[in-house]
Amino acid sequence: MDAELEREFDRVVGAEQRIEPRDWMPDGYRKTLIRQIAQHAHSEIIGMQPEANWISRAPSLRRKAILLAKVQDEAGHGLYLYAATETLGADREDLTRKLVEGRQKYSSIFNYPTLNFADVGVIGWLVDGAAIVNQVPLCRTSYGPYARAMIRICKEESFHQRQGYELLMTMMRGTEAQRRMVQDAVDRWWWPSLMMFGPPDAESSNTAQSMAWRIKRHTNDELRQKFVDMTVPQADALGVTLPDPELRWNADRGHHDFGEIDWTEFWQVVGGNGPCSRQRIEHRRAAHDDGAWVREAAAAYAHRQTDREAI
Ligand code: 3HC
């Protein structure tokens, strides 16, 4: 029976069609989807912290409104993605527990501090820009609920990237001190942004199988290269220097060569030893604990409604 089901699964994936929640799927497919989508959701929720840090200190009402909208979007992205994991049988409470206990990951990028408002612009430009490069292919991922969630998320990410770039353009037309703030933020966020795409393909434990199942549509290095190629002209237009002396156009390859990423730093941060790792998880744990009464009240209300309808 399973052999026939497996053949049908392979046929659907091979034909670029979608696997839906009620379809048979290999246990490994379900498991790696829950892993990736849950960690994606965790990243969106934890990712609210670095920027939320600046909402109350935005330099104008306009900037405050934009940043508030962006941070609220990230919360929504997290909820879409947790809902997608629930179609695979995952339990949101269990996923949150795994996150705060360090048994599931979130993107390394959110473990760096936001030191001033130029960081808000650079996060929009580089971090959300990297997210777009990584997430647009996921609109074609083989699992239906994940692909559909990504379509809406990607539309909102393009607003995130554009608002960040516009903020930086404004600062670069400002004072010399503002221009120095932007360059300093670019220097601090460039390499961690390249790390968002994951380890080199040769060290990626999941890529081969995820590509075979058409969960991932490109490898980590392919998307990282695409991001570098896309970002260099944007940096030129902005008037900032990307902090990599080896960055140069290679006409033979048709891509930009760039320097070696500090993979020791990457694995240190992924392992929970980033500059803000402990703070991010403590904040998430406290928010979850503080919200327990809301979850209990909602559950009690839902229970009473069910009892009423049963009468
Ligand atoms: N931070 C933390 N962990 C990372 C990582 C990163 N930047 N890159 C890789 N890892 C982890 C992987 O999770 C994996 O560990 P696991 O097996 O315990 O999950 C291990 O390192 C090996 O990496 P692989 O390349 O084998 O893992 P994947 O095949 O899952 O590739 C990925 C990693 C490219 C991040 C992939 O999971 C992916 O595309 N995920 C969906 C997108 C996503 O999660 N983006 C995170 C940022 S969210 C965001 O940007 C929000 C925006 O609003 C700013």
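Predicted model: local features only at pLDDT ≥ 70, side-chain atom pairs only at ≥ 80, totals over all residues.
Visitor: Which residues of α2 and α4 make the contact?
Guide: From α2 you have Ile 34, Ile 37, Ala 38, His 40, Ala 41, His 42, Glu 44 and Ile 45. On the α4 side are Glu 74, Ala 75, His 77, Gly 78, Leu 81, Tyr 82, Ala 84 and Thr 85. By class, the contact of α2 with α4 has nine nonpolar, five polar and two charged residues.

Visitor: Switching to the ligand: how many residues surround it, and which are the closest?
Guide: There are 33 residues around the ligand, and the closest are Glu 74, Lys 105, Ser 204, Lys 216 and Asn 220. Glu 74 also belongs to the contact of α2 with α4.

Visitor: What about Lys 216, how far is its side chain from a ligand oxygen?
Guide: An N or O atom in the side chain of Lys 216 is 2.7 Å from an oxygen atom of the ligand.

Visitor: And Glu 44 and Asn 206?
Guide: For Glu 44, a side-chain N or O atom is 3.3 Å from an oxygen atom of the ligand. Glu 44 is also one of the α2 residues in the contact with α4. With Asn 206 the backbone is involved: one of its backbone N or O atoms lies 2.9 Å from a ligand oxygen.

Visitor: Nice. Back to helices: how do α7 and α10 cross?
Guide: The axes of α7 (residues 144-172) and α10 (residues 220-238) cross at roughly 30° and come within 10 Å. Angles under 35 degrees count as roughly parallel, so α7 is roughly parallel to α10.

Visitor: Who meets whom there?
Guide: Gln 161, Tyr 165, Leu 168, Met 169 and Met 172 of α7 meet Gln 234, Ala 237 and Leu 238 of α10. That contact of α7 with α10 has six nonpolar residues, two polar and no charged.

Visitor: Last one: what happens between α12 and α13?
Guide: Helix α12 (residues 277-290) and helix α13 (residues 292-310) have axes that come within 4 Å and cross at roughly 40°. His 288, Asp 289 and Asp 290 of α12 meet Ala 292, Trp 293 and Arg 295 of α13. These contact residues divide into two nonpolar, one polar and three charged.

Conventions
Residues numbered from 1 in each chain as written. Heavy atoms only, no water. Contact = heavy atoms within 4.5 Å. Helix = DSSP H or I, 4+ residues; strand = E, 2+ residues; numbered from the N terminus. Nonpolar A, V, L, I, M, F, W, Y, C, P; charged D, E, K, R; others polar. Near = heavy atom within 4 Å. Polar contact = N/O pair within 3.5 Å; in protein donor to acceptor, adjacent residues only side chain to side chain. Axes fitted to C-alpha atoms, helices over the stretch in contact; angles between N-to-C directions. Parallel < 35°, antiparallel > 145°, perpendicular 65-115°, else oblique.
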